[in-house]
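Please look through the sequence and the model shown here. The paragraphs after it go from the whole chain to single details.

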Amino acid sequence: MIEAPAEVNPLTDRILYNVLVSASSSDPNQIQTGTKQLQQWETQKGYYSLLQAVFLDKSLPLEVRYLAIIQLKNGIDKYWRKTATNAVDKEDRIQIRSRLLEAGVNEADTRLALQNALLTAKIVRFEYPNDWPDAITNLVDILRSSVSPNANRLHLPRALLMLLHVIKELATGRLQRTRTSLQAVTPEIFHVLGRIYFDRVQQWLAFLQGGGDDEGRAFESIQESLLAIKVIRRLLIAGYEFPNRDKDVHEFWRLVRNQFGDLLSIASNEQSTISPEVIRLVQKHLVQLAKLHLNMAKTHPAAFVLLPDSLDLVRAYWGLISKFGETFGSKSPIASAKIGNDGDADEDEKPLMEQLALKGLLIIRACVKMVFHPAQTFKYRHEQEKEERKQAIEAVKTQLFTDSLVREMTDVVVTRFFVFRASDLREWEEEPEEWERMQDGEGETFEFSVRPCAEKLFLDLAINYKMLVVEPLLNIFNIVATPANEDVLLKDSVYTALGLAAAVIHSQIDFDGFISATLVPEVQKQVPGYNILRRRIAIVLGQWISVKVSDQSKPLVYQIFQHLLNKDDPLNDQVVRVTAGRHFKHIADDWEFKAENFMPYASDTLSQLMALIEEVDLSETKLALLNTISVIVERLEHNITPYAERIVSLLPPLWEQSGEEHLMKQSILTILARLINAMKAESRPYHPLVLPIIKGAVEPGSETQVYLLDDALDLWHAVLVQTPDNSASADLLSLSNYLIPIFALGTETLRRTIEITESYLLLSPSTILAPDFRREFLRVVTDLMGNLKAEASGYLTNLIEMVVRATEGLGGEDGVRVLVGEMALAGFFLRLLNEDGLRGSWIAHQTTGPKSFDALVDGVVETDYFSVLARVGFASPSILLEAVAQVNAAESDTIEGEMKWLLEEWFSHFENIGDPGRRKLMALALTRLLEGGAPWMLGKLHDLIIIWTDMVMELTEGVEDKSIDSLVWTSPPIPEDSVFGPPAPEDGRRTQLSATDPIHTVNLITFVRERLQQAVAICGGEKVFQEEWLANVDQDVIKAFGHTGIV
C-alpha cells in the first residue's frame, strides 16, 4: 500500500477535526491512520494553534478536545524552543499564549483543565520573563478577581490549578535567571495566596465547628484551600532565598503552626460525624503542612530554625512520633500469638499518623544533619547568612537536642519502632519471599517508610551523640541478650540497634563472647517465634563480621549460617534461609576471610545455597543468592574446583529463566569469570559452555551487547588468561574477529579490549598478526591515537609495542618491515609525528614568553609515543628511518630535516622519563642510530654521551662490578604457587615475554661500547672521529663519560 503524502490532506480546522476523531476512535485502523496524519502535520505552520482552537471549542466531543490538548502539550516539548528544528512559528506562539489563561479558568472538565494547566506551565517555563513578561502578573490578577463576591466560582480553583503547575515548573528550573525571576514575583503571589488560603480555611472550619447550611460551598472551600497550600509550600521553598527574613512568611508560619493542631484534632477524631471525604481532605491539608515543614528543614535549614516556634514544632512532632510508636509494634507475646494472626496489611495508603510520624522523623534527621553535616557550597556567604547559620546550629544543639531528649529518642526508636508490626508478621507468613525482598530493600527507601527511617535516625544519634546513646543501649542489651530471655520481639529490636551501631559500640562489647554464649544457643532454640530472632542473627553477624569478629570465632559464624540454611529445621522458614543466604555474602566478603577456615563448611553451605536458588521464585531473590555464591567462588580461589561442576550446572536454567532480566545474566557472566579465574588451567573443560555465551554478547548487532558487553569482556579475558599454552581451541581463536568492532566502540571498553588483545598476542601471536586482522587492527588503533586520555593512550601504545615485539619474534626484521609499512599506510606514524603529535610538541617547546603555548602531546603521552619509536628503532634503525621518511614534515622533506627536530625533541624529553626500563630502551634505540654513521646522528654525540653516562651511573649504582647492568636478568623469575593457588598460565607467558625483552637481556654498557667502536670505524678511525665529532663535545661531559668504564 502506498501512503499518500501529507500535502494530499491540507491542514484545515475541519480536516483536523476529522483526523482527531479517527485518532480517538476505538478502531485500530482509524487510530493508526489518524495518528500518522497528525505526525505528518507536526511541523506545519498553524498546526498547534488549530489544535488549541479545537480544544477551545466546547461544542466538540470531550474525547476529541482531550486528544487535541494532549497533542498540543506533547508538541510543546519538541518544538516550542526557538532553537528547535521546525520550531513553532512566532505568530502561532503569540496566539497560543494569548488564549491559555482564559481557556484555563473557564474549563469545566477537570481532565481538560489539568492538561491546559500543564501546557501553560511548560510554556511559562520557556517564555517567562523574556517573551511573556506579564504571565505571572496576569495569573495573579485572575486570582484577585476570582475571590470577588460576584466572580464565577469556577475561576478560583482553575486559576489555583494553573498557578500550582506554573510554580512547580519554575521551582525545578536550574538556571539562575529562572530562580531570580520567580523570587522577584514571589512576595506578590504569596500575599494574594495567603489571604485566599486563610479565608477559605476559615470558611470550612466555621462550617465544620459551628454548622451551617451551605455544605456545597464549604466543600468547595476546602478543595480551594488545599490547592492554595500546595502552591504556597512550593513557593516558600523556591521563591525565597532567605524565608526567615520576610515578615509575611513569619506571620504565615506562626498561623499555620497553630492551625496544625486544630486540623489534627478534626482529622484524628474517631467519633466525628463529618463525612469521610471531608476528613480525607483535612488530612491532605495536614500532609501538605508537614511537607512544608520538612522541605523548609531540608532546603533552608537555618531559616527553618529561625522561623517562629520551629523548635517547639519539632518537639511537637516528636510527641506525635512517640505517641504513634505506642501502637506501632506488635504487643502480642510471641509464645501465644502465631505469626500473622492479626494486623492489617491491606491498606492502600499509609494512615495519617504514620505519614506525619514519618515526616517528623525526617525533620529531626534534617536538624541533625544541619548541626553535624551541613551542606557545603562554593557560593559566597555574607556575614548575616553566616551569623544566622551559627545561631540556628547553636539553637538546635542547646535547645532541641538536650541530653534528656536524645536519650528519649533512642529509647523510643529502639523499643517501639524496631519492633515488628502485626502486619509485618502476617505478611511474613503469607508472602515470605516478597516480604523478605521488601525488608532488604527498605534501607534505600527510608524516606517512604517509618521503620527504615527510624533506623537512620538511630544511626545519626549513635554516631553524633555516642556518649548519650551507647550507655543506655548497653544497659538494655545486657538485660535482654541472654538465652533465658525469650521476649523475641524486644530482642529483635535490641539486636537491630546492635547491628546498626556496630561501628560505634564495638569497643565496649565482647562480641566473640556474645556469639558463643548467646547467639549459638539462641539459633538452636526450638521455640515458636524464634524464626524472627534467627533472621535477625543472620543480619547482625553480617553487620559485625568486618567490625569485630576474631578468627577464632569465625568457624562458629560459619556453623551458625550452615544451621540457618538447613531446610530440615522447622524454624528455618524461607524468610530465615533467604536472609541467611543473602547476608552470608558479607561473611564471605570480609577483608580477613581465610579460605582454609571456611573449607570444612564450604560443601554444605554451597549445596544449601544452590538448593535455595532452585526453591525460590523471585528473580531478584535468585540474583541475590547467586551473588553470594559468586563472592564465595572469588574468595575460595582454587579451592572452589570440587564444587565447580555443580555450580555451573545451576547456571543454564537461570540464564533461560531470566528472559529480559539482564541483571541476572550479568551476574551469571561474573560468576563464570570468577570460576574460570579460580580454577585456572583446570577451567578448560568449561570453554564449550562459555565461548558461545561470550560470542552472543560481543557480536555486532547483538540485542544483549549493550547490557552484557562489559561482563562478557571480563569473562573473555579470564578464559584467555587461564588457557594453557598450545591448547587454545579454534572457537576461542575465532572470537578474536570481534575485537575490531569493539575497538571501534571507543573508550568505554577500551582498556579491557586492549587486555584481551594482549592475551591473544601472548597465547597465539599468529592470530593477531594474521594479515587481514593486522591491517584492520592498525586502522582502528590509528583512529584512536590522539583522541584518548593519557592513561588510555598508554595502554594503547604499550599494546603496539607488544605487536612490534611479537612480529619480530615470528618474522624477524623482515616481519617488522612489513608491519611498519602497514602502520605507515594506516597513517599511524603520521599521527605520531605530525603537529598534533611529537612535532607539535617540538614546536611548542621552542616557544617562550607571552607567545608560548602548551603541546597537545606532553609528559607521559610523549614518553609512550617515543617508546613505540624506540621499539621499532631497536628492532631495525633502517626501518625506523624509512617510516620517518614517509611522513611529510611542514618544514622539510629530507630524512636529515625530519631527524633533526625529532632527535632534538627526543633528547630534551629524556630527562622527563621516570621509568628506568623505558629510559634504557630509548638509550638502546638511540645508540643503534649511530650504526649508519649519519652526520645528523653523530652531531648529537654530546647529548648521546650525556644519556650514556647517566644511564650507566643509574644501572650500576650500588654495584661493585661496574660492568654489570642491574636490569639484565641472569635467570628469569619463575611464577610460583601462592596462597591463591598455582599461577595463571598467562603469568608464565608474561614472564617469558619480559625475559626476552632487550631491557632485560642486553647489557647497555657492553652494547654502547660495541656500537661506539663501530661508529669510530665507520668515521675512518679514532683520529677522524676525534677531530670531526668528539671535538664538539664538552670536555666535562667527556670526563664524566670516562668514569663509566665504557672506554
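Predicted model: local features only at pLDDT ≥ 70, side-chain atom pairs only at ≥ 80, totals over all residues.

Residues are numbered from 1 along each chain as its sequence is written, and side-chain values use heavy atoms, with hydrogens and water left out.

Of the 1047 residues in the protein, 53% are buried (under 20% relative accessible area; exposed means over 50%, and partly exposed in between, with a 1.4 Å probe and protein chains only). The C-alpha atoms fill a box of roughly 125 × 85 × 70 Å along the principal axes. The protein has 52 helices and zero strands; these are DSSP runs numbered from the N terminus, helices being H or I with at least four residues and strands E with at least two. Among contacts (heavy atoms within 4.5 Å) with a separation of 6 or more, 76% join residues 24 or more positions apart.

Two packed helices are described by the angle between their axes and the distance between the axes. Helix α42 (residues 859-875) packs against helix α44 (residues 895-910) at about 120°, and their axes are 11 Å apart. Axes are lines fitted to C-alpha atoms, for helices over the stretch in contact, and angles run from 0 to 180 degrees between N-to-C directions. α42 is therefore oblique to α44, since angles under 35 degrees count as roughly parallel, over 145 as roughly antiparallel, 65 to 115 as roughly perpendicular and the rest as oblique. On the α42 side, the contact is made by Gly-859, Glu-862, Thr-863, Phe-866, Leu-869 and Ala-870, and on the α44 side by Leu-902, Glu-905, Trp-906 and His-909.

Most residues other than glycine have a negative phi, and most peptide bonds are trans. Asn-86 is not a glycine, yet has a positive phi of about 60°. Asn-86 sits in the loop between α4 (62-79) and α5 (90-105), and is partly exposed because its relative accessibility is 44%. Lys-680, also not a glycine, has a positive phi of about 55°. The loop between α31 (662-679) and α32 (687-698) holds Lys-680, which counts as buried at 9% relative accessibility. The peptide bond from Tyr-128 to Pro-129 is cis, with omega near 0°, and Pro-129 lies in the loop between α6 (110-127) and α7 (135-146).
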